Amino acid sequence: MLKIAIVGATGYAGEELLKVLVNHPRLKITSVSAKIDKPQKIDQVFPYLKGKLDLICKEPDFSQIVPDCDLAFLALPHRVSMDVAPQFLHGGKKVIDLSADYRLKETSVYEKWYAAKHKDPEHLKGAVYGLPEVYRKKIKQAQLIANPGCYPTGIILGCLPFLSKHAVFTENIIVDAKTGLSGAGREKEALLIPQMQDNFRAYKVDEHQHSPEINQELSGFAKEKIEITFTPHLIPIKRGILSTIYFQLKNRISQEEAQKLYQDFYQNEPFVKVLPEGKFPQLRDVVKTNFCHIGLKVNPARKTAIVISAIDNLVKGASGQAVQNMNIMYGFEETEGLK
Ligand SMILES: NC(=O)c1ccc[n+]([C@@H]2O[C@H](COP(=O)([O-])OP(=O)(O)OC[C@H]3O[C@@H](n4cnc5c(N)ncnc54)[C@H](OP(=O)(O)O)[C@@H]3O)[C@@H](O)[C@H]2O)c1
């Protein structure tokens with residue numbers, strides 16, 4: 001049995017990890033920790049875990065939790081993970097980090113967007129970006145996974161098929177995305193709820209910290225420099241991200257051709273579903289699942305295309321994808337625990 005440590009177990013992503021991992025047949029959770037003031041039974045924090053997980057959640061004591069695990073999930077804020085990951089990695093353990101600390105390859109880019117010096121460039125070099133649809137082979141061998149951000153997951157998946165055929169002009173990809181409030185984490189969400197009742201607004205317009213991550217991954221995939229225009233929005237719902245991506249096509253292609261391109265690209269992917277012509281994703285269909293749904297509309301006369309993707313920010317955008325990565329790393333069925 002694979003032994004699992006969860007650090008940051010009381011947050012939104014940590015809770016979602018717990019929900020999936022307690023039912024996963026191939027592993028045993030050996031520790032749960034958080035910043036928590038006073039140790040507390042995890043089934044008191046989350047009563048639905050009663051009878052399923054009998055552990056005390058407390059501040060992490062690495063001298064105890066590192067020897068008693070094979071793999072650690074870090075559901076910690078950025079800037080905290082890079083202090084914690086080395087404790088496990090130096091102990092020969094594997095790590096899946098859900099924060100942004102190991103996603104950006106260049107420390108200077110990280111330092112600009114996250115306003116902190118990167119403290120662990122040694123492990124950053126070997127970190128694998130955990131997007132299975134692109135990096136499945138590397139994930140199998142990885143010691144450290146940088147689990148992708150929520151916006152990046154939906155947006156990158158929406159762009160890949162067109163980029164794979166160099167079918168679009170890369171200098172003017174425009175993304176308009178909307179997220180539910182849980183994207184901000186448990187504490188910040190509590191502050192947002194009163195502001196967001198009956199409200200809808202843009203934030204961090206063209207300066208969201210996920211932009212460099214999206215640009216890095218799209219540029220690496222397309223092998224040319226890509227800088228998207230990105231406007232994120234908050235909507236007064238709990239979970240889900242719907243991203244609308246606008247492309248200028250290089251050549252006139254039909255709806256059928258674009259549809260086939262997207263369907264063929266994702267035909268073997270267990271968690272990406274391309275919807276039939278005329279159908280577009282809705283959050284209701286993906287929330288609480290590890291699926292990304294994609295719909296598209298081409299205008300051959302104007303040579304434009306609109307792609308819409310939808311995910312659950314806490315599942316395919318965080319913890320579900322982290323478990324998918326674990327399944328790949330350990331040779332389990334990729335969908336185990338997730339369907
Ligand atoms: N929310 C999303 O949709 C989403 C999506 C993708 C990725 N992520 C990333 O996943 C990570 C967790 O996000 P979240 O939304 O779950 O945040 P969250 O709800 O704020 O939870 C953060 C967790 O980290 C713990 N923690 C904070 N500082 C700590 C420390 N110094 N030592 C030990 N534990 C500490 C907290 O413990 P206490 O509860 O005791 O304070 C809590 O368990 C973040 O890096 C976030 O960017 C989140």
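Author: Helix α11 (residues 255-265) lies across β12 (241-248), β13, β14 and β15, contact meaning heavy atoms within 4.5 Å. Relative to β14, helix α11 runs at about 155°; axes are lines fitted to C-alpha atoms, for helices over the stretch in contact, and angles run from 0 to 180 degrees between N-to-C directions. Helices (H or I, at least four residues) and strands (E, at least two) are DSSP runs, numbered from the N terminus.

This is a predicted model, in which local features need pLDDT of at least 70 and side-chain atom pairs count only at pLDDT 80 or more, while totals for chains, interfaces and linings use all residues. Residues are numbered from 1 along each chain as its sequence is written, and side-chain values use heavy atoms, with hydrogens and water left out.

The open sheet is formed by seven strands with mixed pairing, in the order β10-β11-β9-β12-β15-β14-β13. β10 (201-202) and β13 (272-274) each have a single partner strand, so one side of each is left without a neighbour in the sheet. Two strands pair if DSSP finds at least two bridges between them. Strand β14 (residues 292-299) and strand β15 (residues 304-311) run antiparallel and are joined by seven bridges. Within this pair, Asn299 stands opposite Thr304 in β15.

Salt bridges that share partners join Glu16, Lys19, Arg239 and Asp312 into one network; a salt bridge is a side-chain nitrogen of Lys or Arg within 4 Å of a carboxyl oxygen of Asp or Glu. The whole structure holds 18 salt bridges.
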